[in-house]
Amino acid sequence: KMEVDAAGGAGSGAGASAARSWPDLVGSSGEAAAAAIRAARPSLSVSLVGVDDMMTMDFREDRVRIRVKEDGTVDSVPQVG
């Protein structure tokens with residue numbers, strides 16, 4: 001299991017870098033997931049997108065897209081990109 005430091009970073013303890021993915025948010029409310037990611041990494045642009053929505057495929061270090069099902073729950077692991 002991955003350790004998470006007080007700053008929201010994931011890794012193996014001291015000196016860990018900031019979190020880049022949030023597997024624990026799968027199945028939770030999309031709005032709650034967005035709030036948790038914004039709290040952990042306020043510099044990121046966080047948005048909710050439907051599982052069937054079209055989107056650009058460019059990779060951006062300052063963005064997290066949260067894919068949500070019709071019922072508003074997180075469908076897949078949110079990650080930076």
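Trainee: Is Arg63 buried or exposed?
Mentor: Arg63 is buried, because its relative accessible area is 6%. Buried means under 20% relative accessible area, exposed over 50%, and partly exposed in between, with a 1.4 Å probe and protein chains only. Please note that this is a predicted model, in which local features need pLDDT of at least 70, side-chain atom pairs count only at pLDDT 80 or more, and totals for chains, interfaces and linings use all residues. Residues are numbered from 1 along each chain as its sequence is written, and side-chain values use heavy atoms, with hydrogens and water left out.

Trainee: Where is Arg63 found?
Mentor: Arg63 belongs to strand β4, residues 63-68. Strands (E, at least two residues) and helices (H or I, at least four) are DSSP runs numbered from the N terminus.

Trainee: Which side chain meets that of Arg63 in a salt bridge?
Mentor: That of Asp58, at 3.4 Å from N to O. A salt bridge requires a side-chain nitrogen of Lys or Arg within 4 Å of a carboxyl oxygen of Asp or Glu. Asp58 itself is partly exposed, at 38% relative accessibility.

Trainee: Changing topic: how many residues does the largest nonpolar core have?
Mentor: It has 13, and Val64 and Ile66 are among those with the most contacts inside it. The elements giving two or more residues to this core are α1 (30-40) and β4. A nonpolar core is a set of buried Ala, Val, Leu, Ile, Met, Phe, Trp, Tyr and Cys residues joined through side-chain atoms within 4.5 Å.

Trainee: And what does Val64 touch?
Mentor: Leaving aside residues up to four places away in sequence, its contacts include Trp22, Ile37, Leu44 and Val46. Contact means heavy atoms within 4.5 Å.

Trainee: Finally, what pattern does the chain follow?
Mentor: Along the sequence it reads β-β-α-β-β. Of its 81 residues, 30% count as buried.
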